[in-house]
Structure formats: C-alpha cells, structure tokens
Amino acid sequence: MSSATRHRLPLAGVLRLGRPSDIWFKPALSVVAAVAPPDLILLALGRLDLAMYTMAGSLCALYGHNRPYAARARVLAGVVLGMVGGLAVALLAASLTTDSVVLVTVGAVMAAVQKTVSDATRLGPPGNVVLTFISSASLFAPQTLGQVPGHVGLALAAGAWAWLVGMAPGLLRPHGPERRAIAQALNATAAYADTRGTGDGHARARTVSAAAIHAAWQSLLVAGAHPDRTRRALERLLVRAEVALAAPAESDPARLRAWARELRGTGPIPRVEHPHEPAGELLGVDTELALPRRPLRLRLAPLAPLAARTAIGCALAGYASLALGVGRPYWALVTAASLYQTNVTLTWSRGIQRVVGNVVGVLAFAALAPLAHLHPAALVLCCLALNFGAEALIGRNYWLGSVCVTPMALLVTEFARPQNPAELITERVADTLVGALVGFVAAVAVTNRRAGDRLEHALTLAEHARENAARLLAEPHPAPRALESARRALAAALADLRATADAASGEWWQRALPEERVVLAERTGHRTLAATVRRQGFVPREQDEAQDQGQSRTTEGIRP
C-alpha cells in the first residue's frame, strides 16, 4: 500500500449515523439507576459538592453489558477497583501539590496506563475515556490529605452499587448476553448465505460472519465451563451458524434469522438437532478451555507505541492549555486521550467527531444552564437525563453521544458551586480544539512501525494454523478433539488476522503491507475452515459436494 493511501484522511461518512445497538437501552438505564440514588441522597443532605466522587463509582455501570454475567462480575469488579485506584492517585497528587505542570504530567501518565490496560484486556466500550475523565478532573479538585480517604470511600460505595446494578439483569435473564452473541452470529451467517458464497460482497460477508461466530464462541467460553442444558443448546445453534459459513449455498437464511429472533426474546431456546455429536458432547468450549491463555505482558508489549502516543499527546495538550491560560487543562488532556484509536486514520475520524460533538454540546449547555440554575434538584435531573441520552445515542455515532456528554460534564462542575456559563463555554471550546489538534499531531509524530510486524506475525500464525488443520484433514481418521482444536485455532487466527490487517492499513510511516498475502491467507484459511466443519460431519454429504463445486469455481487460481 502506498504512503499516499495511508495519508488520505477521510471526511465522507465520518459523521454518518449508524444503527443503534441492540441493547442501547441497557447501559442507558443502568447508568441512570447507578447515578440517581447517590446523587439524590447527596441532594437531600445538601452535599452535592461530593457528587463528583460518587459519580466516579457510579459510572462503572457503563461497562460489561455485552459480557456473560460470570465474566461481567469480574470485569465490573476490576473496573471499580481501577476507577477507585485512579481516583485515589489523582486525589493524593492534588493534595500534595498545586503545580499545574506536575498535575498535567501525572494525568498524562495515568491516561497512558488506562489506555494500555483497557486495550490489552479488551475492556470494551466506553474504554479508558471515562476512567481518564474522572482521574484527570480529580487532579484539579481542591483537596487536603485528610479528605482523601473519605472521598475515595464514597467512590467505592457508589462503585459497589454500580456493580449490583450491572449484575441485576442476570436474575431475570441469566444467559442473555450469550443468546445475543449467538443471535448476531446467526444473522451474520444468514447475510453470507444470502450471497450463496459467490454473490456480490460475499468475501466481506464471510469475514463478518466468521468474526461473529468467533466472538460468540468467546462469549460461551467466558461464561464458564459448566456443561448445562442451556449452554449445550446454544452451542448447537452456534454450530448451525458454522454449517452455514461452510455451506452457504445450501443454507436457509430465513431459518437462521428465525432462530436469531427467538434467541433475542425471553422464550425458550430453539432446539435443533445436531448432525454429528459423538458421545453426546460438543468439544468447542471444552477444547478451548483447555488451551493456555496468552500472558498479559505479551498483550501489553505491542501496545507500547499507542501508550507513548497517549502519554505524549495528553501531556502536550495539557501544557498547551496551560500556556493559553485556560483554567481547566484536564479538558484538553481528556480530549486528546479520547482520540487515540487503533491507527492514525481512525484517530483522525474520532477527532472530527469529538470536535463536532463538543461544539454542538456547548450550545446545548447554553440552552440548559438557565434551567439547571433554577434549583439543585433541576441540576441533578438534567444530569440524569443527559447521562441517559449519552448512552442511548453514542452507539449511533460518537459525535452524537458527545452532544449529551459535553453539557453533562459542564453541569458536573456546578455541583460544588454555580459557574459562569460564558466562561465554561469559552474554555471548553478552546480546550477541545487544543486537545484535538495537539493530540492528532502527536499521533502522527509518534510512529507505530510495530503495526507491520504484528501483521507479519498474524499472517504467520494464520498460515501455520491452516497448515495444521490441513494436515489433520489429510489423515484418514483424525482424532475429533485434535480436529476441533485445530478448527478453533484457525478460526481465532483468521479473526485476529483481519483485525490486525484493518489496524495496520490505517497506520502511517511504515513499509508496504503484504496485501496479496493477506487475501490469499484469508481465502485459503476460510476454505480449510469450511473443510474441517464438513469433515466433522456437521454438513450433510449432499451439501458437502455442492459446496466443494462452488468453492472450486470461486477460488480457482489462488491455491498456494
């Protein structure tokens, strides 16, 4: 790929609205349920000045909504500890020094740590931004050393309540997240089956469906190893999705979508017969549970350039804000931290979205400020409404959610005392522009040449996984567990290859990417993956033969 292509910065479609998330209302309702009780208690006590600390814990309710409840319990606990730990460090620093340069430096380092750990653990939305917002704002809150334990305790108590809010839906629908993940896989494979494996867009549809199937297996994996009837029924449906991926021309898209609709409801799980289930047991989750997990340090190492970008960009944005005389440099710091995505191109897009959302958001604040100033209760209600709106809208496009996040952040500053709206608006716009500009310049300046190395590594893993699966397929009677393990490893390698290739394609200042090799690895890998599904007996013989003929026509000339 040429450097000119890598330097092209997109404008078309950056602000286009997408479809809302299937569960947009869950984080929106959860954050209101988590924020409202602490805020209303503080309102009754006349201590809204403490709301910033309880909000630190309450906002933890935003996380983990796509995860099965067993995994969500661990993730939410980790988020609460991370949030409270970051708050404690920030308040301790604020109590020890008032030097703004030192505080901005501490905030930049914390932002880099939060970004790196969030990405390495695949925390998911809203990622590190909420953590960084809380810790950075707390750095500039007037604080004494004696106040720190009490303020941290408030955050921890609110975090415990947020944990309960996040886990509460599991009492009514304990397998809801797994059902949604498998429904998404079924819908994705239905879209691929619509192409019959050869129609327009079939390659992209195949990649999307393979990624959705892999994500669904991961959802079952983190749900736990207990082989109950519900999990077995879900596994059977997921195998049906794999059958459709292997034999799209012989699959029924309408049937796949019907199963997906039933899964999204609260009714019983559709029961399907499994075409080949030796000893009454599926090996997918059981096999993968036996594989060793990749050490955290190996997941952190490739993120070093992104951590450097975040630290340098946030620090420079904060320093620039101080140089301009803005009273809240943490706004510029948080703006820079919010930009950094997996590559420079996506960072540019996020910067445009952030600037547009914040500018529209300050206009919304100007309209809401007179209402919020009528009474402290009106201030609390406005913040709750904006919390709901932010989570309801941000899934459609980041800028649309920022329209609600920005006035909410401005109103939070008024919990301690009323502020001058004109001053808040001016400083917020200035910090947004400074943070976005400096943050993007830092993203361009701090190169990520490891992106190409990671792609080479992902290619090697995918090729080795395909060769291992092909070797087992060549055996007359491969062991079922070995073949299943090879299939899972190949599926994971192909999903990682596509994600790594997408990330590398938007990165700057690197050597040309092996695009043809990536395409070849994906095509041959998916052919081998389909062959393993057929070899395991998941696809009836007549489907096997028909699909072999279709694959021969569509992949002629690409065999290695």
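**Figure 1. Helix α5 against helix α15 in the predicted model.** The axes of α5 and helix α15 (residues 329-339) come within 11 Å. They cross at roughly 20°. Angles under 35 degrees count as roughly parallel, so α5 and α15 are roughly parallel to each other. The crossing of α5 past α15 is right-handed. On the α5 side, V104, G107, A108 and A111 make the contact. On the α15 side, their partners are P329, L333 and A337. By class, the residues of this contact are six nonpolar and one polar, with no charged residue.

**Figure 2. Helix α4 packed on helix α5.** Helix α4 spans residues 69-96, and helix α5 spans residues 100-120. Their axes lie 10 Å apart, at an angle of about 165°. That angle makes α4 roughly antiparallel to α5. The crossing of α4 and α5 is right-handed. From α4, the contact takes G86, V89, A90, A93 and A94. From α5, it takes L103, V106 and M110. Seven of the residues in the contact of α4 with α5 are nonpolar, one is polar and none is charged.

**Figure 3. The largest nonpolar core, and a second one.** The largest nonpolar core holds 61 residues. Those with the most contacts inside this core are L59, Y63, M83, L87, I134, L411 and F415. Helix α4 gives the most to this core, with 10 residues. A second core is separate and has 55 residues. Its members include A185, L245, A462 and A469.

**Figure 4. The surroundings of Y63.** Neighbours within four places in sequence are left aside here. Y63 is among the residues with the most contacts inside the largest nonpolar core.

**Figure 5. D39 in helix α2.** D39 lies in helix α2, which covers residues 25-45. Its relative accessibility is 1%, so D39 counts as buried. Beyond its neighbours within four places in sequence, D39 is in contact with L48, A51, T54, M55, V380 and F415. Another partner, F415, is among the residues with the most contacts inside the largest nonpolar core.

**Figure 6. V380 in helix α17.** V380 is found in helix α17, residues 376-393. V380 counts as buried because its relative accessibility is 1%. Leaving aside neighbours within four places in sequence, V380 is in contact with D39, L40, L43, L48 and F415. D39, in turn, lists V380 among its contacts. V380 and A51 are 329 residues apart along the chain. Their C-alpha atoms are separated by 9.7 Å.

**Figure 7. The whole chain, for orientation.** The chain has 23 helices and zero strands. Of its 560 residues, 53% are buried. Consider the contacts between residues at least 6 apart in sequence. Of these, 82% join residues at least 24 apart.

Conventions: Residues numbered from 1 in each chain as written. Predicted model: local features only at pLDDT ≥ 70, side-chain atom pairs only at ≥ 80, totals over all residues. Heavy atoms only, no water. Axes fitted to C-alpha atoms, helices over the stretch in contact; angles between N-to-C directions. Helix = DSSP H or I, 4+ residues; strand = E, 2+ residues; numbered from the N terminus. Parallel < 35°, antiparallel > 145°, perpendicular 65-115°, else oblique. Left-handed = near helix turned anticlockwise from the far one by under 90°. Contact = heavy atoms within 4.5 Å. Nonpolar A, V, L, I, M, F, W, Y, C, P; charged D, E, K, R; others polar. Core = buried A, V, L, I, M, F, W, Y, C linked by side-chain atoms within 4.5 Å. Buried < 20%, exposed > 50% of the residue type's maximum accessible area, 1.4 Å probe, protein only.
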